[in-house]
Amino acid sequence: MSDTPERSFLPHMGLDELISELHVRLESALSTRDRVHSLLEAVLSIGSDLDLATVLRRLTQAAANLVDARYAGLGVIGEDGRFAEFIPVGLTEEETGRIPVFPFGTGILAVPTRDRASLRLRDLGEHPDFQGFPKGHPPMTSFLGVPVQVRDEVFGNLYLTEKRNGEEFDEEDEAVVTALATAAGVAIENARLYEETRLRERWLAASTEVTTRLLSGDDTDEVLGYLARQSREMSGADIAVVLLPDRSERNLIAKIADGAVAEEILNTPIDMSDTKCGWVYRNGEAVAISDLRHANCPMLTHRGFGPGLLVPIGTPEHTRGVLLLGKHDALSPFNEATRRMIDAFSAQAAVALELAETRRDAERLVVLEERDRIAKDLHDVVIQRLFASAMTLMSTLRLIADAEAGDRVQRTVDELDETIREIRSTVFALRQPPPPQNLTLRDRVLATTEGAARSLGCQPGVRLEGAIDTSVPEEVGDQLLAVLGEALANVARHARASEVHVSVEADRWLTLQVQDNGRGISENGRRSGLLNLAERADALSGEFAVESRPTGGTALRWSVPLHPEERRRAEQRAARRSQRAGHASRRAG
């Protein structure tokens, strides 16, 4: 009787163990099924998109979810063997901001690449290649690194740390992540091919557009603006700046900008002697900058930009300028494919610029030849006929008995003499050679006033203020010189002045003022020259005024907008004036 309970207890113990073991195996089978199901879902999710950035982000997040890791990262390997890009998962924006630099792919992070095999550690700090964490990096212990291969190339490495349950990564975790990385290689290859094809198509379309615009006669600044905008969009940059040399070639000037803070950095100079920008301009080679905050680039250093790319516009033998691209995201530098594409795009644009300039030079030569022909006709034919007519009238004058008729003939002779002097002045201007290309606008203004001193009978006083050489576009500068020359010629012909003062000021507007102490404006005098100056101002949405001074003499003011916002406002005012004039004309009718 005493051993009956013992005999009944033993079978009961065996059954409990059997049930417990069965339960464990069922849980393991279910867990394995769930993980396989999750792995398949992750592979489908990664392969369902052709955008490379989206594929990489989904891959990193899927790996973290499959092994329940708190942190995950994907390092994309560049041509130099270091990380060209790093995608973190699990870090907040605040934690990311505390880390000064992203990983470079050295030390323990380079082991999966070097060995082409996964690395699983209970404590990564115990590995001999561990180099420590940068300042601001959260602490991490358990570690799993798996290479991601695309065909025979190691595209990057997946890193996972800190399992949420506090345990270390096991063999099953390693197998799951390895399977995910293997399947992801196909998706990454497809996304890369798609992205390269799309960028190549866009690059070809943009290059064709640049060439077409230039050869169609579009303004060079507008085409360079298109180059900057397309380069920024194709490269994923936040800012694009076209830097062109000043006339002295000692500084690069930010002539064109597109993107964030574009208006704030226009016309900013960069010294070429001791900067990366100057090196790229002199050597004609593209350069990638890891962090613009630490580069000698005053316009962007303090504005929070990270990775930068400097690309020469032109060939190594003839660099026309530098294209500067910058990103805010420090974890996403410019990759090698982007650098090659932007370099080729800027080189193509430079060839188009050369062709366009050659064409404009040919057209300019035709214009100069035509001007020379007109000058010869005016001198050899028109002036001689006018002179003969004046001589005929002079010989006829003594035969006229009526005093009033004689006065009229004399006035006609005087007007013929004045016309002959004006035509000779025009012939002289037509035969003037164009100014040397290396002269600054200041030099050309001074040369124009000095050249007019002989005809004026006095040396004009000149005052120049503002960034005349860097902020005034070439075509506007040419208009300024034409207006200045016409204004000084008018003073020489009509004013009989002993003092002439010229001032040029460049700020948001370019303003020319010419004042003299001569006779002032005649009420019934000829105004064709003044109308020409007014038309030049209207063509640039500017303003023109001329009036007699209270103290004697004439004051001329010619002003055109330089800043884009001022130009828009001037165009709006002109449109309103035109509209009011139209209403008044209809009411009068």
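## Helix H10 and the sheet

Helix H10 (residues 336-397) lies across strands E9, E10 and E11 and runs at about 30° to E10. Contact here means heavy atoms within 4.5 Å; angles run from 0 to 180 degrees between N-to-C directions, with axes fitted to C-alpha atoms, for helices over the stretch in contact. Helices (H or I, at least four residues) and strands (E, at least two) are DSSP runs, numbered from the N terminus.

The model is predicted: local features need pLDDT of at least 70, side-chain atom pairs count only at pLDDT 80 or more, and totals for chains, interfaces and linings use all residues. Residues are numbered from 1 along each chain as its sequence is written, and side-chain values use heavy atoms, without hydrogens and water.

The open sheet has 6 strands in the order E8-E7-E6-E11-E10-E9, with antiparallel pairing; strands pair if DSSP finds at least two bridges between them. On average, neighbouring strands are turned by 25° against each other, direction ignored.

E7 (residues 251-259) is joined to E8 by 3 bridges in the antiparallel sense. Pro269 in E8 is the bridge partner of Ile253. Helix H8 (residues 276-283) packs on this sheet and touches E6, E7, E8, E9, E10 and E11; its direction makes about 145° with that of E11.

## Helix H6 against H10

Helix H6 (residues 220-235) packs on H10 at an angle of about 170°, the axes being 11 Å apart. H6 is therefore roughly antiparallel to H10 (over 145 degrees). Contact residues include Leu224 and Met234 of H6 and Phe345 and Arg360 of H10.

Conventions:
Parallel < 35°, antiparallel > 145°, perpendicular 65-115°, else oblique.
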